[in-house]
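Please keep the sequence and the 3D view at hand while going through the points.

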Amino acid sequence: EKTLGIAGGFASYNTSGYVDVYFQYSFAEHVRIAPELGCVFRNDGKSAFIMSADMHFPFSIARGVQVYPLAGLTFNNWSYSGGSSARLGGDVGAGFDINMTQQIKLTVQGKYSLMKDYSGGFIGMGIGYNF
């Protein structure tokens, strides 16, 4: 199964919103890779370009509903008045998916990106197309 979607939510580092495009590829029953590419909107003089490659480990809790822990790598390039700073870090978190139809999936996810000086949480929702 493959999913392409868009997500958005709250980024705690600069207390702003974010939006990203994600792709999920399930290559085993309980393992999928989930790269994301997006941006954190400017607030308090800070904004960011974000890129992550996370691994999800989904398991079904009901028909059409899956829960997953996640772990992965992230790269953030934070811009602020006076310059910018690029950081590599790690992601940890969890989420759940609800299959609305065979093609449409809703996702709710929370994760924490650990990195020097720019650690923060991301809580969001997304909608994706399964193909």
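Strands β2 (16-28), β3 (31-43), β4, β6 (65-80), β8 and β9 (120-130) each give at least two residues to the lining of the largest cavity. The model is a predicted one. A search of the whole structure turns up 1 cavity of 30 Å³ or more, and the largest cavity holds about 190 Å³ of space.

**Cavity lining**

- The lining of the largest cavity consists of 21 residues.
- Nearest the centre of the largest cavity lie Ala 7, Tyr 18, Asp 20, Glu 36 and Gln 109.
- Sorted by class, the lining has 10 polar, 7 nonpolar and 4 charged residues.

**Nonpolar core**

- The largest nonpolar core has 9 residues in all: Ala 11, Tyr 18, Val 40, Ala 48, Ile 50, Trp 78, Met 115, Tyr 118 and Phe 122.
- Tyr 18 belongs to this core and is also one of the residues nearest the centre of the largest cavity.
- Leaving out residues up to four places away in sequence, Tyr 18 touches Ala 7, Gly 8, Gly 9, Phe 10, Ala 11, Cys 39, Val 40, Phe 41, Ile 50, Phe 122, Ile 123 and Gly 124.
- Val 40, another member of the core, sits in strand β3.
- Val 40 counts as buried because its relative accessibility is 3%, under the 20% limit.
- With residues up to four places away again left out, the contacts of Val 40 include the core members Ala 11, Tyr 18, Ala 48, Ile 50, Trp 78 and Phe 122.
- Val 40 also touches Asn 14, Ser 16, Gly 17 and Ser 47.
- Val 40 and Leu 106 are 66 residues apart along the chain, and their C-alpha atoms are separated by 21 Å.

**Salt bridges**

- How many salt bridges does the structure hold? The number is 8.
- Side chains of opposite charge can pair when their charged atoms come close.
- Another salt bridge joins Asp 97 and Lys 105, whose closest N and O atoms are 3.8 Å apart.
- Asp 97 and Lys 105 are both buried.
- Through salt bridges that share partners, Glu 1, Arg 32, Asp 97 and Lys 105 form one network.
- Asp 44 and Lys 46 also meet in a salt bridge through their side chains, at 3.8 Å from N to O.
- Is Asp 44 buried or exposed? Asp 44 counts as exposed because its relative accessibility is 61%, over the 50% limit.

**Positive phi angles in loops**

- Asp 44 lies in the loop between β3 and β4.
- The phi angle of Asp 44 is positive, about 55°, although Asp 44 is not a glycine.
- Asp 117 lies in the loop between β8 and β9.
- Asp 117 likewise is not a glycine, yet has a positive phi of about 70°.
- Asp 117 is exposed, at a relative accessible area of 51%.

- Gly 8 is in strand β1 (residues 2-11).
- A relative accessible area of 23% makes Gly 8 partly exposed.
- Neighbours within four places in sequence aside, Gly 8 is in contact with Tyr 18, Val 19, Ile 123, Gly 124 and Met 125.
- Gly 8 and His 56 are 48 residues apart in sequence, and 18 Å lies between their C-alpha atoms.
- Tyr 112 is in strand β8.
- Tyr 112 is partly exposed, its relative accessible area being 37%.
- Beyond neighbours within four places in sequence, Tyr 112 contacts Gly 90, Asp 91, Val 92, Ser 119, Gly 120 and Gly 121.
- Tyr 112 and Leu 4 are 108 residues apart in sequence, with a C-alpha to C-alpha distance of 22 Å.

How values were computed: Residues are numbered from 1 along each chain as its sequence is written. This is a predicted model: local features need pLDDT of at least 70, side-chain atom pairs count only at pLDDT 80 or more; totals for chains, interfaces and linings use all residues. Side-chain values use heavy atoms; hydrogens and water are left out. A salt bridge is a side-chain nitrogen of Lys or Arg within 4 Å of a carboxyl oxygen of Asp or Glu. Buried means under 20% relative accessible area, exposed over 50%, partly exposed in between (1.4 Å probe, protein chains only). On a 1 Å grid over the protein atoms alone, a cavity is a set of points where a 1.4 Å probe fits but cannot get out, and a pocket is an open set with protein on both sides within 12 Å along at least five of seven lines; lining residues have an atom within 4 Å of a point. Grid points are joined across faces, edges and corners, and a volume is the space filled by probe spheres set on the points. Helices (H or I, at least four residues) and strands (E, at least two) are DSSP runs, numbered from the N terminus. Ala, Val, Leu, Ile, Met, Phe, Trp, Tyr, Cys and Pro count as nonpolar, Asp, Glu, Lys and Arg as charged, and the others, Gly among them, as polar. A nonpolar core is a set of buried Ala, Val, Leu, Ile, Met, Phe, Trp, Tyr and Cys residues joined through side-chain atoms within 4.5 Å. Contact means heavy atoms within 4.5 Å.
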